[in-house]
Amino acid sequence: MRRGELLKWCPRFLRVSAALALSGALLAAQDEARQPVEPTASSAPPAAAPQTPKEEPRWVLYDSEMDLVTLAELCVSGLGLHLEYDRARLEGRVSLDRPGNFSPRELWEVFNRELAARSLASVQPPGHAGFKIVPLADAASTARVESPDLQGALAGYVKLVITLEHRKAEELAEALKLALSKTGGQLTIVRESNALVVSDFRPHVDQALRVLDLLDLPSPTPVTSEMLLREIAPLSMATLLERVVNTRKAIGSALQGTAIALPESSSMLIVAPAKEVGWWRATIAEFDRPEPVTTLHYTPRRFGLAETARLVEQSVHREGQPPSQWRMVEDRLTGTLIITATPRVHGEVQALISRLNDVEEGPRRPLRAFSIRNRRVSDVLALLEGLLDAGVLDDPASASAEPTKSAEVVQGATAPITKPGDTRPRKGAEVTLAADEATNRILAFGEARVLDELGRLIEEVDVREAQVLVEALVLSLSESQSRDLGVELQKIGSRDGRLWNLTSLFGLGSPAPTATSIPAQVASGASAVVLDPGDFSAVVRALETLNEGRSLTIPKVLVANNVQATLDSTLQTPYASTNASNTVATTSFGGTLDAGTRVTVKPQVADGDQIAMEYTVSLSSFVGEALSAELPPPRQENRLASSATIPDGFTVVVGGLEVETEGEAESRVPFLGAVPLVGELFKDRSKTRTKSRFFVFLRCSVMRASGFEDLKYESGRALEAARLDDGWPVLEPRVIR
């Protein structure tokens with residue numbers, strides 16, 4: 001420091017030093033006065049003095065101007081800070097607002113204001129205990145992040161992260177920017193954590209925090225209530241309320257709530273804060289008042305009544321409109337539309353009818369195409385022709401008029417195009433019908449009134465016919481039981497050189513008495529053989545035979561309603577025919593004889609899915625060998641033919657046959673076989689019992705699904721049972737790497 005500068009600073013330094021010495025003496029005296037006095041034996045202990053906070057030292061400045069560097073040194077020594085700065089940037093003097101006492105913090109605030117005026121700022125870098133004076137442009141990137149309450153922050157330029165609790169950061173960003181300085185304030189939105197990063201001078205940051213405390217408040221909890229409308233439609237009420245709310249918003253009185261239209265319940269759903277619910281309900285109640293309605297008659301002159309009514313319904317009538325404000329009746333007797341509506345709606349109807357009546361003249365008899373979706377077009381056409389021939393669609397007014405001598409025949413270019421076999425002109429109703437087999441449609445050319453009636457009639461007639469899946473279960477059961485018990489005796493002897501032999505034979509195979517050993521037994525059953533070679537032989541045989549059989553045949557056939565279906569599964573056996581004459585005999589093919597299963601059904605679906613069924617079920621089989629090549633083998637046939645009403649989807653028995661046969665046979669030696677007890681040795685007895693049963697079950701399932709889902713399900717089960725591929729590709733998961 002040069003000598004002149006030293007002399008210049010000496011008076012001021014002395015005044016500051018004297019003030020510091022005086023302040024030090026005062027502080028020392030105060031500290032000495034606060035020290036406790038030790039009690040003596042003759043005096044009572046004094047009452048404890050209250051603890052008072054230590055006063056912050058103050059600087060006494062006698063001059064209202066000083067250098068900025070001196071002010072920085074005073075702040076550093078008074079606050080005990082470590083401050084890094086470039087002396088070249090702190091050139092200049094500072095003018096205080098007044099001379100007198102200043103605390104170190106007050107001088108620090110004055111110092112930071114002077115720094116801000118010179119586009120400088122004091123910051124505390126991250127990880128540093130001291131402070132640093134940097135250009136204002138670098139302050140935001142140099143300053144550390146302080147705590148949200150700025151506790152312990154002494155830097156003139158601070159940075160902190162503010163996390164919002166109730167409002168979104170985007171909503172409050174613009175309001176906080178107004179509290180920051182234009183030169184040093186910076187604000188960044190962190191959307192992921194709904195936070196704001198604020199950097200600015202300490203006073204401006206404090207101001208931004210106070211603004212945030214006023215704005216970041218919890219939103220009022222909305223109240224939901226429903227209000228029933230009595231006169232006006234919910235959609236119309238919603239439109240009216242929207243206009244009112246937009247008008248209030250334009251004049252600066254915006255509402256937070258809203259009202260949602262519920263056409264299905266003819267009400268309004270109010271969602272608004274509790275303080276606004278009363279306004280919404282009062283406004284809705286004020287607008288929910290009935291509109292005057294009138295009833296007018298409209299006469300379409302250019303188009304049919306039904307098609308005009310459909311156009312009015314689609315163009316004018318709005319969904320959710322109260323029944324008291326809209327009603328339309330088609331008066332077919334007078335050809336008019338009777339409409340009850342508000343004046344506004346009547347204006348729309350009148351404009352529509354006028355536009356239709358002003359259409360340029362076209363053909364008097366329009367052409368329409370009616371698609372036939374469920375039946376053959378030829379069947380529907382034949383039915384409609386029969387109805388037209390009977391005069392079902394004739395105009396009652398023309399039928400009551402006096403007949404004319406001859407009808408005018410239209411010829412020339414205006415005559416309708418006809419095709420032999422496809423079109424037939426009709427009298428009375430004046431309609432021409434044609435069948436388009438390629439597209440399964442009916443083309444109708446005639447009066448609009450008749451075409452409307454024809455369209456309604458086709459809708460009633462063109463219904464999908466049900467199909468019936470008929471399953472016939474033909475079951476044959478057979479049981480047989482036989483018991484055989486017989487005794488054979490043989491005795492040989494000699495007397496006076498004569499040999500004699502007594503036998504009781506029934507074909508059981510007793511050995512000859514002359515045999516020397518018992519031969520092997522080949523017969524079935526239990527047998528006992530006694531042999532006395534050269535003298536006696538006997539055999540006892542018992543046999544019981546049981547036989548049970550079961551044959552099940554399940555033919556299936558899918559048949560349309562009221563259509564006969566036949567299913568045959570037969571085996572043909574040929575036989576020969578012999579023609580003999582006096583000279584030669586010729587053998588030729590005589591024909592065949594069929595045996596198997598034959599089912600004929602004709603279902604008719606009635607109300608309640610009851611099925612009136614006409615059926616014939618026959619089951620035949622060959623029961624033996626032919627007596628000769630010229631004769632067919634014997635054949636047995638069981639046949640049922642009847643009509644019955646059966647329920648849908650149930651398996652019911654419709655008929656059956658049961659045959660049971662019992663028989664007893666006895667072979668015995670005359671006279672000896674009749675002797676009690678002893679006669680059992682001279683008998684062969686057999687008992688037989690046979691039982692055969694034949695049952696027929698029917699199960700009919702009505703297929704009515706519009707998309708043939710039921711038929712697809714039954715077909716899928718059959719394909720799975722047969723292990724056949726339905727042709728559709730199989731989707732299998734595949735790992736994609």
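Trainee: Quick one to start: is Glu-637 buried or exposed, or something in between?
Mentor: Glu-637 is partly exposed, at a relative accessible area of 39%. Buried means under 20% relative accessible area, exposed over 50%, and partly exposed in between, with a 1.4 Å probe and protein chains only.

Trainee: Before we go on, what kind of model is this?
Mentor: It's a predicted model, where local features need pLDDT of at least 70 and side-chain atom pairs count only at pLDDT 80 or more, while totals for chains, interfaces and linings use all residues. Residues are numbered from 1 along each chain as its sequence is written, and side-chain values use heavy atoms, leaving out hydrogens and water.

Trainee: OK, back to Glu-637. Which residue does it form a salt bridge with?
Mentor: Arg-635, with the closest N and O atoms 3.5 Å apart. A salt bridge here is a side-chain nitrogen of Lys or Arg within 4 Å of a carboxyl oxygen of Asp or Glu. Arg-635 is partly exposed too, at 35% relative accessibility.

Trainee: How many salt bridges does the structure hold?
Mentor: 26. Among them is Arg-144 with Glu-146, at 3.0 Å between the closest N and O atoms. Glu-146 is buried at 7%, whereas Arg-144 is partly exposed at 25%.

Trainee: And which residue pairs with Arg-483?
Mentor: Glu-544, with the closest N and O atoms 3.1 Å apart. That pair links distant parts of the chain, 61 residues apart: Arg-483 sits in strand S22 (residues 467-495) and Glu-544 in strand S25 (residues 536-553). Strands are DSSP runs of E, at least two residues, numbered from the N terminus.

Trainee: Which residues are linked in a network of salt bridges?
Mentor: Glu-65, Asp-67 and Arg-93.

Definitions and conventions. Helix = DSSP H or I, 4+ residues; strand = E, 2+ residues; numbered from the N terminus.
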